[in-house]
Amino acid sequence: MRLYCLRYSEKILVLGNGGVSTLQKYEDNVWLSKCVNDLRIIDKIITKELKRIRKTIDDKKAIKEVIENIEI
């Protein structure tokens, strides 16, 4: 079983998705590859938005608002 997530700090963990893998690499599994790519997109959105509003990952309130308003 694999679970993918984004860990920004000791207190901020964004859970992603995952699934059962019978293969060595996630790239060889279409579903797991999609899960990883989706998280990469989400990470870029979060990073870009925090930069736009001039906040850091340490600002828990700001990152919470950014995460709650993500539209994919």
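Here are legends for a handful of close-up views of this predicted model.

Local features are shown at pLDDT of at least 70 and side-chain atom pairs at pLDDT 80 or more, while totals for chains, interfaces and linings use all residues. Residues are numbered from 1 along each chain as its sequence is written, and side-chain values use heavy atoms, with hydrogens and water left out.

**View 1. Helix H1, end to end.** Helices (H or I, at least four residues) and strands (E, at least two) are DSSP runs numbered from the N terminus. H1 covers residues 30-52, and its 23 residues should span 33 Å at 1.5 Å a residue; the end C-alpha atoms are 33 Å apart, so the two agree. The expected figure is 1.5 Å times one less than the number of residues.

**View 2. The buried residues of H1.** Buried here means under 20% relative accessible area, exposed means over 50%, and partly exposed is in between (1.4 Å probe, protein chains only). On H1 the buried set is Leu-32, Ser-33, Cys-35, Val-36, Leu-39, Ile-42, Ile-46 and Leu-50. What do they pack against? Their partners are strand E1 (2-7), strand E2 (13-19) and helix H2 (60-68). Ser-33 is buried, with a relative accessible area of 18%. Leaving aside residues up to four places away in sequence, Ser-33 touches Tyr-26 and Glu-27 (contact means heavy atoms within 4.5 Å).

**View 3. The E1–E2 hairpin.** E1 and E2 form a hairpin with five residues between them. The two strands pair in the antiparallel sense over five bridges; strands count as paired if DSSP finds at least two bridges between them. Cys-5 has Leu-15 as its bridge partner in E2. Leu-13, also in strand E2, touches Cys-5, Leu-6 and Arg-7, not counting residues up to four places away in sequence.

View 4. The structure holds one aromatic pair. Tyr-4 and Tyr-26 make up this edge-to-face pair, at 6.1 Å centre to centre with 65° between the planes. Tyr-4 sits in strand E1 and Tyr-26 in the loop between E2 and H1, so the pair ties together parts 22 residues apart in sequence. For the cut-offs, rings of Phe, Tyr and Trp (its six-membered ring) pair if their centres lie within 6.5 Å; planes under 30 degrees apart are stacked, over 60 edge-to-face, and the rest tilted. Both Tyr-4 and Tyr-26 are buried.

**View 5. The largest nonpolar core.** A nonpolar core is a set of buried Ala, Val, Leu, Ile, Met, Phe, Trp, Tyr and Cys residues joined through side-chain atoms within 4.5 Å. Which of the 16 residues in the largest one touch the most other members? They are Tyr-4, Leu-6, Tyr-8, Ile-46, Leu-50 and Ile-63. E1, H1 and H2 each supply at least two residues of this core, and the largest share, seven residues, comes from H1. Take Ile-46: not counting residues up to four places away in sequence, Ile-46 touches Tyr-8, Ile-63, Val-66, Ile-67 and Ile-70.

View 6. Arg-54 lies in the loop between H1 and H2. This residue takes a positive phi of about 60° although it is not a glycine. Most residues other than glycine have a negative phi. Is Arg-54 buried or exposed? At 76% relative accessibility, Arg-54 counts as exposed.
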